[in-house]
Amino acid sequence: MVTISQKSTMASVVGASASVQAHQLGFASALALLSRFKQLMAAEGHVVDSRLMLSHGSYATEQLALGHTSTTEPLRLCAMRVFALLHA
């Protein structure tokens, strides 16, 4: 079960674009973006732990930086969107 505090944490970590504030994003959209990030990372052989992405800022930053340095444009763009909201 997802608690209210987990929802707010999730919204503050991931988002659809840098221009969308976390509270406007919605929990389902945030989960969809995180799922897409995980999928794109997996395609390059990297495993991303969703729970760690939500609970450990340094882990999330490390994974997003790794995605940002990818040669795959969709992964780079996705990582940048998530990173922008994480640091907004």
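User: Before we look at anything, what do buried, exposed and partly exposed mean here?
Analyst: Buried means under 20% relative accessible area, exposed means over 50%, and partly exposed is in between, using a 1.4 Å probe and protein chains only. Serine 70, for instance, counts as buried because its relative accessibility is 7%.

User: OK. What kind of model is this?
Analyst: This is a predicted model, where local features need pLDDT of at least 70, side-chain atom pairs count only at pLDDT 80 or more, and totals for chains, interfaces and linings use all residues. Residues are numbered from 1 along each chain as its sequence is written, and side-chain values use heavy atoms, with hydrogens and water left out.

User: How many helices and strands does the chain have?
Analyst: There are 6 helices and 0 strands, where helices (H or I, at least four residues) and strands (E, at least two) are DSSP runs, numbered from the N terminus. Of the chain's 88 residues, 28% count as buried.

User: Back to serine 70. Where is it?
Analyst: Serine 70 is in the loop between α5 and α6.

User: And which residues is serine 70 in contact with?
Analyst: Contact means heavy atoms within 4.5 Å. Leaving aside neighbours within four places in sequence, serine 70 is in contact with Glu44, Leu75 and Arg76. With glutamate 44 there's also a side-chain polar contact of 2.5 Å. A polar contact is a pair of N or O atoms within 3.5 Å; within protein, one must be able to donate a hydrogen and the other to accept it, and residues adjacent in sequence count only if both atoms are side-chain atoms.

User: What about arginine 76, buried or partly exposed?
Analyst: Arginine 76 is partly exposed, because its relative accessible area is 28%. You'll find arginine 76 in helix α6, and apart from neighbours within four places in sequence, its contacts are Gly67, His68, Ser70 and Thr71.

User: New topic: which residues of the largest nonpolar core touch the most other members?
Analyst: Out of 14 residues in that core, those are Phe37, Met41, Val48, Met53, Leu64, Leu75 and Cys78. α3 (27-43), α5 (57-68) and α6 (73-86) each supply at least two core residues, and α3 gives the largest share, 5 residues. A nonpolar core is a set of buried Ala, Val, Leu, Ile, Met, Phe, Trp, Tyr and Cys residues joined through side-chain atoms within 4.5 Å.

User: What does cysteine 78 touch?
Analyst: Skipping neighbours within four places in sequence, cysteine 78 is in contact with Leu33, Arg36, Phe37 and Leu40.

User: Let's do α5. Which of its residues are buried?
Analyst: Tyr59, Ala60, Gln63, Leu64 and Gly67 are buried in α5. Seen down the helix axis, the buried residues fall within an arc of 125°, so they line one face of α5. The arc is that of the directions from the helix axis to the C-beta atoms. On the other side of α5, Ser58 and Glu62 are exposed.

User: Why would residues three or four places apart point the same way?
Analyst: An α-helix has 3.6 residues a turn, so residues three or four places apart end up pointing the same way.

User: What about glutamine 63, what does it touch?
Analyst: Not counting residues up to four places away in sequence, glutamine 63 touches Phe37, Met41, Val47, Val48 and Met53. Glutamine 63 has a relative accessible area of 7%, so it counts as buried.
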